[in-house]
Amino acid sequence: MNIHEYQAKRILSQYGIKIPKGGVAYTPTEAKKVASRASSKGPWMLKAQIQSGARSTGYFLEKSAGHRGGIRLVKSRKEIVKQAEEMLGSTLVTVQTGPKGKPVSRLYVEAYTRVGQIFYAGVAVERVSAALTLLVAPIKDEEITNLAINHPEKILRVPLDLEGETTKEQVKEVMEFLKLPPRSAKSLERFINGLHRVFLDYDAQMIEINPVGVQRNGELVALDAKISFDDNALYRHGDISRLRDDYETSERELQAAKYKFNYSEFDGSIGCIVNGDGIALAAMDLLREKGVGTACFLNVKGGVDKDKIASGIKIIMTNPRVEGILINVLGGFLRCNLIADGIISAASEVGLNVPLVVRFEGTNKDEAKEILQKSKLPIIMAETMEEAVNLLVQAVEESD
């Protein structure tokens, strides 16, 4: 689960991380009032609150919203009202939202903060080493995504302890890597410990501050903030669950969440149904190697019945972007025959108008294959994931 920037900043500020003074606004008049409270003279930052990165380089679909992005520097109260009128109710498109974009229902207005240096900071689980990791990188001349792809050596990775706090040696390592002034040492230690505790206390999956600003006095300030939470742990955090913004969530995402399935949409044309993030990513990589993008993937779980599986599969089948479907299931607790029954149930209700390739492995694999064969549906069976991807790409090309 993701939350908005202003919500993330409120949480971080409770852990000693400095944030600019500001507030959320739902109308142009409210934006003007919030600006006055944040700073008497300005300037101010006006930020579209959608759950997406790259807002500053995005564009609005509506011509009335102008050509500027979703993050704007505003120097007068009159201009705040004008810019807020353009942005509110419009649809912002970024490299992360896809061409449909996301509607802007609220703005975050905050005092402009002057800084002398910026850098990226994030905390995530390093799955290769199974460790909680702090990531920092100078980003004056390059975006963090470009660094990660083209110059990973420019990103410092610091393993964090699951119990204790950041050590003096780790703070010194980050200081030297970022070339921060000595007066920033205490602020940096407080900043890293704050990120560390938020991550652990709230069962986060990722925290990103992009950018962190370094003020003249050496103090660090979070100029942006993003926090993603583990859906499986939300039952422990009712206060976080209440922050969910269904206004931004598509109907298909809401349907998937109702059955406790994970559903994500992208810009490609292939729908994937899997039962694990690992095999989802592996399938997406194989499709990418073939020059084919993923439209969406649905991660189903064990402990469900045939009807829930069928409902999940219908979410993929009714996505208009989907030109082919790949079902890749490694049966364990989730039995393959349940998936097979769900496929038949979904197909009988909404039809099967695109190529469908299925690869089963594990519990009740043979039973599942027999169920699909007896159904007489035009389903293509594969023995390996690589074969499944090859057969699906071929079938989609032939159906064009």
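**Helix packing and nonpolar cores in a predicted model**

In helix H2, Pro28, Ala31, Lys32, Ala35 and Ser36 meet Arg77, Ile80, Val81, Ala84 and Glu85 of helix H3, where contact means heavy atoms within 4.5 Å and helices are DSSP runs (H or I, at least four residues) numbered from the N terminus. By class, this contact has six nonpolar, one polar and three charged residues; Ala, Val, Leu, Ile, Met, Phe, Trp, Tyr, Cys and Pro count as nonpolar, Asp, Glu, Lys and Arg as charged, and the others, Gly among them, as polar. This is a predicted model, in which local features need pLDDT of at least 70, side-chain atom pairs count only at pLDDT 80 or more, and totals for chains, interfaces and linings use all residues. Residues are numbered from 1 along each chain as its sequence is written, and side-chain values use heavy atoms, leaving out hydrogens and water.

Now to the cores. A nonpolar core is a set of buried Ala, Val, Leu, Ile, Met, Phe, Trp, Tyr and Cys residues joined through side-chain atoms within 4.5 Å, and buried means under 20% relative accessible area, exposed over 50% and partly exposed in between (1.4 Å probe, protein chains only). The largest one has 39 residues, of which Leu134, Val174, Leu195, Ile209 and Ile227 touch the most other members. Helix H6 (residues 185-201) supplies the largest share of this core, six residues. Apart from it lies another core, of 33 residues, including Ile339 and Leu352.

Valine 174 touches Leu134, Val136, Leu156, Val158, Leu188 and Ile192, not counting residues up to four places away in sequence. Tyrosine 15, by comparison, counts as partly exposed because its relative accessibility is 23%.

Definitions and conventions. Helix = DSSP H or I, 4+ residues; strand = E, 2+ residues; numbered from the N terminus.
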